[in-house]
Every structure is written in C-alpha cells, then in structure tokens.
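Subject: Structure handover

Hello,

Here is the structure I promised to pass on. Please open it next to this email and follow along.

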Amino acid sequence: MSKSLEKKVLKEVNNIYSYILTPLQIKKLTNKIFKSIKNEKYNRPKRISQKDILLITYADTIKSKNKKSLEVLDSFLNKFIKKTINTIHILPFYPSSSDGGFSVKDYFKVDLQHGSWKDIKNISNKYGLMVDVVLNHGSSKSDWFINFLKTDGEGKDFFYHLDKEFNTNHIVRARSHKLLQKFRTNKGFKYLWCTFSRDQIDFDYRNPEVLIMFIKIIKFIMKQGPSFFRLDAVAFIWKRIESNCINLDQTHAIIRLLRIIISYNKNKCMIITETNLPFLENFSYFGRSDEAHIIYNFSLAPLIINTLIKGNSSAFRRWSMSMPPAKDNNCYLNFLATHDGIGLRPLEGIISKNDIKKLIPPLKSFGAKFTYRKDKDNQLSVYEANISLIDAMAGTINGKDNFIYDRFFCAHAIMLCFEGIPSFYIHSLFGTRNDYELLKSTKIFRSINRHIYDYDYLKTKIYDSNSHISKVYNQIIKLIEVRKKQKAFHPNATQYTLNIGNNFFGLWRQSIDRKQSIFAISNVTNKKQVLSLDKINILSLENWYDLLSLKEVKSNQKNLTFEPYQTVWVANK
C-alpha cells in the first residue's frame, strides 16, 4: 500500500509541477507530502442516504446577549434542528476582515466572537459538520500578507504578484473590479492578483510551500472532527496568464491530491467543491470519481426560480432530461438559497441570453440587487441576483400576486425530490425577507440575505403558530420529514424526468432496491391544472397514494387535479 500510495502522490505532484520543478524537486516534494500521510489508515467516507439533509448557516446568524455565537447556534440546533437535519455547514468561522468570513486572516484560529475550537468539536460530535477551506485567497490584513509587503517571514512568497500589468480581458472573472491591484512592498510596487476583491489576495500555488501549508491546514482542521471539507472558489486557484485561468488541469490535480490525503486519515471525510460555473464545467469536478465526492448543483436553483416566475417548465425539463446521474456514493448537493445571491451564470448554455435577461425585471421588482462580472468580450453581465428566496417568489413575470407561500413551498418540494442531497440556507427555514437595514449599513448587496436574529425573538416566533416564521418553519420541516422516509429519494436512486407538458414539472424516482416508486409532480403555474394519469406509468396492480396529502390515488382514477403550485408525491409504498 505504501508504494501504491507514493505512486499516486507522485503522479499528482507531477501533474501540478512538471513544467515548473525539476524531477529532483518533484521527488523531494512528493516525499515531503507522502511522509505526512503514510502512517495514516485509508478510510472510505460514510455512505450517503435519503436521511442526509444539510443546513447552511453563519456562526452568528442567531445571537444572544453575553453568549458566544457558536454556543447560541448549538442551543438552536439542539432545540429546533437535531431531530430533522443531520449535517451543518458553518460558514467560515475564522478571524476575517471582510466578505462574510471569506477573507480569512488565520486558518488555525476560531474568531473569538464566535467561540473556540472546543465549540466546533462540540457541534461536530453531534452532527456531520462541513468546514470551509478558502483555498484561492487570503486576507490583506493577515500576517502572511503583511509579511509579503515586508518581504520577510512566513507568507512573504505566498501571493500571486507581477511586476507590471498585462491585458486581463481573456481571464474569466466572477467580479467586475480591476483584477490586478497595486500594492507597495519593501521592494517597490507589485501588482497583486485579486479575483474577488482588493481585500482577498490570491495565493500563488506555483510556490509548493503554499500547497504544503494548505495540506497542513486541512490536517489540523481534521482533528476538529468535520465530515466535509468545502473547497471554496477552487476553480480559480491555478493561474497561467496565457489561459483563461479557470478549471485548469493543475486545479483538478490539486483536488485529486487533497482527496488522497483526506482519504488516508482516521476521519471519514468527503470533499465538496464550490464551483459556480455552467453545468458541464461544474460536473467535471467529479473527475473519474477521484476528485469531489459531492458537487453543488448550481443550475438547479435558478432553473426552479425561472420556472416558477415564468410558469413554464420547458427549459428546466429539457435540462433535467440531459443531466447525467452521479456515480454511486458521489452526488449532487441541491439548494435554492445560500449566503450568496442567486447565481445566474449556471443558466448559461441552458437558456438563451434573452431568456436570462427576461428574469431580471421581475426579480428587480421583487427587491433584488444585482452584481456583475465581465464576460469574454469585456462586457458586463449579471453574475448573481441578491435577494432573499421568499421575496424571489413574490410573483410572476407579470408582477406580484398572492401566491408567495405556494411558490416558496413548491420550489422546496421540487428541490427535495431531486437526485442528490438537499441543503437549506437557514433563512429558508424562517422565510426571512429582504434585509434593507443591513444592506444600508454594510452597503454590500449580499447583506440583503444575511439577516441576524435575536435567539429569544426567534424562539417566540417559532412557537407562535400564527407568525410568518412559524408557518414557514413548520411546513419546511414537515416536507423534510416526509422526504427522509422515502428510499426512492436516496441521492443515488434512479431519476427520470416526466414529459408532461410545460404547466408541470415531474420526476419518477425509484429506490435502489426497485421496491419503491414515487411520481413527484408539481404544478408550476398560478392556475388550477388537470393532469391525465395516462401520462404517467402508475401500475393498476399496486395501491398508490400521495405522501403529502395522504390521499389515495385510485386505480380507476383518470386525472389528478392540482391547485396553483401544488405538489404531489405519488408513491406505491
């Protein structure tokens, strides 16, 4: 095994550095990496199932006076989440200077306002825990970057810099600001590569010490008990200035190397890659089942939102029919909302540019703000819509109406039945509305969807059955609980898209053991609709019923009648 493992490490080190380092340097680097893992035992990650549900939250989304935020989060999880959701993604809890924690100053510390590593371990002992590793960039306020400016000490050669500018129009960007930012160092002015902001300086992985440092960071975090490592903005980590600097071969080789290292450890951890890209580029991060265990299904959220706003499933249905299934124990991570906005770039190649543009006016009328990126022609295009999910469901292309709750629950019912693991941004549990006060305070568009709750207030509202928060929370929890009991909703269970017209979106899911079938069908319009049962293959030899309403679907029944945005999960077991 040692020889085999060493060969695997050598292969990926070669893939990364063969055009930079000599064979002797590659051998030395391989030995250094190999020595850090050779005494560990190989562990297969845990098996996934339909019971796996993910909750995404900041450490301090819920606060309470005189208490550390991780302690408050733990109390909330134990009281309201533990029986329903088994995995928690705590967004970056490290000391940070901006971007909601993603401008990390020190990867070896927990921000004192949140708590300590003891609090992280406490949560990881009770739940599957997802932890961010922000691979692409570090804070301009970090000791590493301060040492870079001084040209002395750890970090002095960690950051990607140039002595002069060059034309960057061909480089794929996630933002519209100037890519190369000018900084004064002890050795004169340097141009630093800043993919996301001036406060987030990109690391230079051409220096093997950067890779070694992140291996060290990952092994340190492993000791705190996470089940998942989320590799943030990983598509951008390798640069070749003659290329578009995204999805490069070296990037994929680094992920394969990290998977090897994580696999040979006492913890059973999985890798999830955060790559907000068009579908096929995103799908490439599965590799040959040797890169990410899980990839975000970035196209799903904007497609569902587009479908419900336009009242037409044609684009969604066409995409769903062509979506390749993930291989056994690899899977998609499905979501409708995150701490960021609703990414529109994943719609590219699925619907036309004109159809994407048609989505902008209604979202704007529902309160959305928009961030932009520069495309390959150096033109600005919308990168994401910043809006709370429930406000994005406020109406249709014709304006606001009274179906906001119906659309909101329909969107979640569709997401919950889709192949993969479902995840919920914490604000989706409460139906949190656009936070204009926080937006006004921070002047950051993403703040519109990052409301902070007082814990006592939140508890009161959850217990008040007449409150908006209680109505949303209880309905979403109910949907999750029904979903978890269905083997046909296993992340790797068979999925076929039903061709039942533009007014509906439907899937046939069949359990891996072939015993349970579910026809998950939603009316995606604001009108009552009738569906002929001749269009779906319900066998008359079996008894069928709707898992959500518990109503029987009789063998001699000819039609199903749907209220606006109603979903049925018709099952044989």
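Start with Thr30. Leaving aside residues up to four places away in sequence, Thr30 touches Glu6, Val9, Leu10 and Val13. Thr30 belongs to helix α2, which covers residues 23-35. Is Thr30 buried or exposed? Thr30 is buried, with a relative accessible area of 1%. One caution before you read on: this is a predicted model.

Strands of a sheet pair through backbone hydrogen bonds, and the pairing is either parallel or antiparallel.

Look at one pair in detail. β7 and β8 (residues 188-193) are joined over six bridges, again antiparallel. Within this pairing, Lys182 stands opposite Tyr191 of β8.

Two packed helices are described by the angle between their axes and the distance between the axes. Here the helices are α9 (residues 300-310) and α10 (residues 314-322). They pack at an angle of about 150 degrees, and their axes are 8 Å apart. Which residues make the contact? From α9 come Leu300, Leu303, Ile304 and Thr307. From α10 come Ala315, Phe316 and Trp319. Sorted by class, the contact has six nonpolar residues, one polar residue and no charged ones.

Last, the cysteines. A disulfide is a covalent bond between the sulfur atoms of two cysteines. How many disulfides are counted here? The count is zero. Take Cys269 as a case. The cysteine sulfur closest to its own is in Cys331, 15 Å away. The cut-off for a disulfide is within 2.5 Å, so the sulfur of Cys269 is too far away for a bond. Seen from Cys331, the closest cysteine sulfur is that of Cys269, again at 15 Å and too far for a bond. Both cysteines are buried: Cys269 has a relative accessible area of 4%, and Cys331 is at 0%.

Best wishes

Notes
Residues are numbered from 1 along each chain as its sequence is written. This is a predicted model: local features need pLDDT of at least 70, side-chain atom pairs count only at pLDDT 80 or more; totals for chains, interfaces and linings use all residues. Side-chain values use heavy atoms; hydrogens and water are left out. Axes are lines fitted to C-alpha atoms, for helices over the stretch in contact, and angles run from 0 to 180 degrees between N-to-C directions. Helices (H or I, at least four residues) and strands (E, at least two) are DSSP runs, numbered from the N terminus. Contact means heavy atoms within 4.5 Å. Ala, Val, Leu, Ile, Met, Phe, Trp, Tyr, Cys and Pro count as nonpolar, Asp, Glu, Lys and Arg as charged, and the others, Gly among them, as polar. Two strands pair if DSSP finds at least two bridges between them. Buried means under 20% relative accessible area, exposed over 50%, partly exposed in between (1.4 Å probe, protein chains only).
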